[in-house]
Amino acid sequence: MLKARIIPCLDVKDGRVVKGVNFVDLKDAGDPVESARAYDAAGADELCFLDITASHEKRGILIDVVRRTAECCFMPVTVGGGVKRTEDIRELLLAGADKVAMNTAAVLNPEFVRKASQKFGSQCIVVAVDAKRVSMPDEAPKWEIFTHGGRKPTGLDAIEFAEKVTALGAGELLLTSMDRDGTKIGFDLDLTRRISDAVAIPVIASGGVGNLDHLVDGITKGHASAVLAASIFHFGEYTIAEAKSHMAKAGIPMRL
Amino acid sequence: MKIAIIDYGSGNLRSAVKSFERAAHEIGSDAEIVLTSQVTEVAQADKIVLPGVGAFADCRAGLQKIEGMWAAIDEAVSRDKKPFLGICVGMQLMAEHGHEHETTAGFGWIKGDVRAIEPDDKSLKIPHMGWNTLNACKQHPVLENITTGDDGLHAYFVHSYHLIPGNREDVLAETQYGGTIFAAVAKDNMIGTQFHPEKSQELGLRLIGNFLKWTPDS
């Protein structure tokens, strides 16, 4: 039986993990490769690197991180951040990424999703959908797509956008609620469920995880195929094994 | 022993090379792993690995773009009986035909066609993406020390199409996803895995190690 996935996400800036990872005795908590290796050993189902380096000149540092990760981790790795051209995708795949996540480029130029999935296959094209609720509490719920880390509104309806990029060939959606990101109060389940039910491809729920019940809800109530979390794992609040066993006890098929 | 992993511009081959190197190290093998797009290297290799991601027709076109490559692989596998491992679309290419977007001929070593996954439960997501267990359909040296069944090790899958073998005896392992998915095939000197051993941690490294050790019965 296919298992739900737990995906730790590492924000990387200038080749270093932002805020660091402190759940095991790492020699260097800021080294993304050491963190990746620790998560591989801890039983993570996949790993996600989001590069938030502002300068394009430093792209080589990220490529080196991906390359070194591929030498020691034998699980799927998704890399996102700054992917604008097919050359960016090729470079990441050749370095050892299995999937590439795109956000702004997919919003500004949806045809890029088609081009990329035709060239590299849908299986490696992840569209990062950053959505924020724009309706008032007494209105019918509505979410809008934001870019630039949630700062820039686009006027695009999140559900319509998700359907559109799916039709263009995306293989998976990484759905982040910008309202919930960093809040630790749980996923926006309404948003997650609406998008998961609207598209035929797997959805990764992200944004807002503060405890293990939130992970369960993402799958059971949000209908997501995978859950992504960062801080609850990075700072040792919970281990991957605890999360998996908690989800399994809630009746979710997990790879234990 | 020389292992040729064929590079024809399809996806991520670095992790495939690294996983073969790691698996070789773990079993104490001094196998030389080469990533190659040279026809002569395929002819010289002792074992051949054909990875593949993307669409069936694109992978076939990618192989055919290298002059003589398609024929060189066919000869090495069907005439010279060199041990062969096809991964994902590399397994699918072993079939007679693929029906992804258009109908394209494969190598035809395994009777059967590659078709879209159609789960009984329409709410199931396509691609079939993630970790799933295997049910072994026959004994084979490449499955040695790999626990199968519901409590067994997991393999990483990501695919929307699958090979439906015409001969039941060619099926090495199955998995379940709204119906049966043919997870691996085995015939004579050939192995194909729909899952990605290079991404499947313990199961994957063991399978690759077994493939490196394997000498098919002649």
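Student: How do you know that strand S5 (residues 97-100) of chain B is paired with S6(B)?

Tutor: Four bridges join S5(B) to S6(B), and the two run antiparallel. Two strands pair if DSSP finds at least two bridges between them, so S5(B) and S6(B) meet the condition. One bridge sets B:His99 against B:Thr103 in S6(B). The model is predicted: local features need pLDDT of at least 70, side-chain atom pairs count only at pLDDT 80 or more, and totals for chains, interfaces and linings use all residues. Residues are numbered from 1 along each chain as its sequence is written, chains are lettered from A and ligands numbered from 1 in the order in which they are written, and side-chain values use heavy atoms, with hydrogens and water left out.

Student: What makes the pairing of S5(B) with S7(B) count, and in which sense do they run, parallel or antiparallel?

Tutor: S5(B) and S7(B) share two bridges in the parallel sense. B:His97 has B:Asp113 in S7(B) as its bridge partner. S7(B) also pairs with S11(B), in the antiparallel sense and over five bridges; there B:Gly112 is the bridge partner of B:Pro165 in S11(B).

Student: Why is the pairing in the sheet of S6, S5, S7 and S11 of chain B called mixed?

Tutor: Strands of a sheet pair through backbone hydrogen bonds, either parallel or antiparallel. The open sheet of four strands in chain B has the order S6-S5-S7-S11, and S5(B) with S7(B) is parallel, whereas S7(B) with S11(B) is antiparallel.

Student: What makes S6(B) and S11(B) edge strands?

Tutor: Strand S6 (102-105) and strand S11 (161-165) of chain B each pair on one side only. The twist averages 20° from one strand to the next. Helix H3 (residues 56-65) of chain B packs on this sheet, touching S5, S6 and strand S7 (112-116), with its direction at about 40° to that of S6(B). Contact here means heavy atoms within 4.5 Å; axes are lines fitted to C-alpha atoms, for helices over the stretch in contact, and angles run from 0 to 180 degrees between N-to-C directions.

Student: Which strands form the edges of the eight-stranded sheet in chain B?

Tutor: This open sheet has the order S2-S1-S3-S4-S14-S13-S12-S9, with mixed pairing. Its edge strands are S2 (32-36) and S9 (135-136) of chain B, each pairing on one side only. Strand S3 (residues 47-50) is joined to strand S4 (residues 84-87) of chain B by three bridges, running parallel, and B:Ile48 stands opposite B:Phe84 in S4(B). Helix H6 (residues 201-213) of chain B packs on the sheet and touches S1 (2-6), S3, S4 and S14 (190-193), at about 145° to the direction of S3(B). Helices are DSSP runs of H or I of at least four residues and strands runs of E of at least two, numbered from the N terminus.

Student: How do you know how compact chain A is?

Tutor: Chain A has ten helices and eleven strands. Its radius of gyration, taken over C-alpha atoms, is 17 Å, close to the 18 Å that the globule rule (2.2 Å times the number of residues to the power 0.38) gives for 256 residues, so chain A is as compact as a globular protein of that length. The C-alpha trace of chain A spans about 50 × 45 × 35 Å along its principal axes.
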